[in-house]
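Dear colleague,

I am handing over the structure we spoke about, and my notes follow below it. Please read them beside the model.

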2 protein chains.
Amino acid sequence: MLRKSKQRDTILRAIKNSSNHLGADRVYDLVKKEIPNISLGTIYRNLKLLAQAGEIRELEIPGISSRFDGTTSNHHHLICEKCGRIFDWDELTDPAMEARIAKKTGFKVKARYLKFIGLCYDCQKSSKNS
Amino acid sequence: MLRKSKQRDTILRAIKNSSNHLGADRVYDLVKKEIPNISLGTIYRNLKLLAQAGEIRELEIPGISSRFDGTTSNHHHLICEKCGRIFDWDELTDPAMEARIAKKTGFKVKARYLKFIGLCYDCQKSSKNS
DNA sequence: CTATGTGCAAAATTTTTGCAAGCTT
DNA sequence: AAGCTTGCAAAAATTTTGCACATAG
């Protein structure tokens, strides 16, 4: 059902190739270098489709617009509250917690998102000087 | 620094008294019953201030506007992808993971947010009939 | 050929802000 | 009085959509 399109391919590639977690506007800027007349609407449409298809992951960070992560494997995020950078952390969450959830509430977990808010190494250092 | 105001008190009370996780628009509707001429801007301003003050917690849910949680103790959320309801789950995350994060990256965790996406009990039942 | 994808522009949503007047302390 | 708050309305910022044309399968 999802056809191939130069726009979608380029968008996906931009996200996968970036080590950052890009917002729609950043993706737009990047893709425009290759397809100058692409429209923002196309970016949003494809971001949504790609996220639904499981090709990318949408992240929600307090206060800012959605970011997209080209890594879809189970991993978590460390978000620095000072500089705003997002770091990945690869480690599985405890499956036993999900078992307890299922047992007590009947809720069937399909995905888990763990995010840590705090201060990155760099920002801890710099805040000591102020 | 934070003064007392009828508006802010009412907003906070609305959130604390609700077992749901309200969005700004819902808070607006509720508070308007008590203070008919309150403005949406005031709702947003206070929601942000209260969240910063740690009185409430802002939740980010994929695709929808921010929700606010009157329970600020460490707990997690189960989000049903079908009906959209949000359930609370009280259990601590593994402190050992944070120790490993600190050791490897130097990131200092101040808060953690774990959210589970899946199907609630009711929706699992109803989807079997379709 | 048919259904999906695109660019463009307008619109919808959600959130923020400037300002003059009102409260708190 | 000084400074935080508020209501109002305008503006920003972000995301979605309608439509006619282009393109993939």
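Which phosphate oxygen is 3.4 Å from a polar backbone atom of A:S39? It belongs to DNA strand C, and the pair is a polar contact (N or O atoms within 3.5 Å; within protein, one must be able to donate a hydrogen and the other to accept it, and residues adjacent in sequence count only if both atoms are side-chain atoms).

This is a predicted model, in which local features need pLDDT of at least 70 and side-chain atom pairs count only at pLDDT 80 or more, while totals for chains, interfaces and linings use all residues. Residues are numbered from 1 along each chain as its sequence is written, chains are lettered from A and ligands numbered from 1 in the order in which they are written, and side-chain values use heavy atoms, with hydrogens and water left out.

The bases of DNA strand C are also contacted: a polar side-chain atom of A:R3 lies 2.7 Å from a base nitrogen, and one of B:R3 lies 3.0 Å from a base oxygen.

Turning to the aromatic rings, the whole structure holds 2 pairs over all chains (centres within 6.5 Å; planes under 30 degrees apart count as stacked, over 60 as edge-to-face, the rest as tilted). A:F87 and B:F107 are edge-to-face, at 6.4 Å centre to centre and 65° between the planes. Here A:F87 is partly exposed at 27% relative accessible area, whereas B:F107 is buried at 2% (buried is under 20%, exposed over 50%, partly exposed in between; 1.4 Å probe, protein chains only). The rings of A:F107 and B:F87 likewise have centres 6.4 Å apart and planes at 65°, so that pair is edge-to-face.

Best regards

How values were computed
Phe/Tyr/Trp six-rings, centres within 6.5 Å; stacked < 30°, edge-to-face > 60°.
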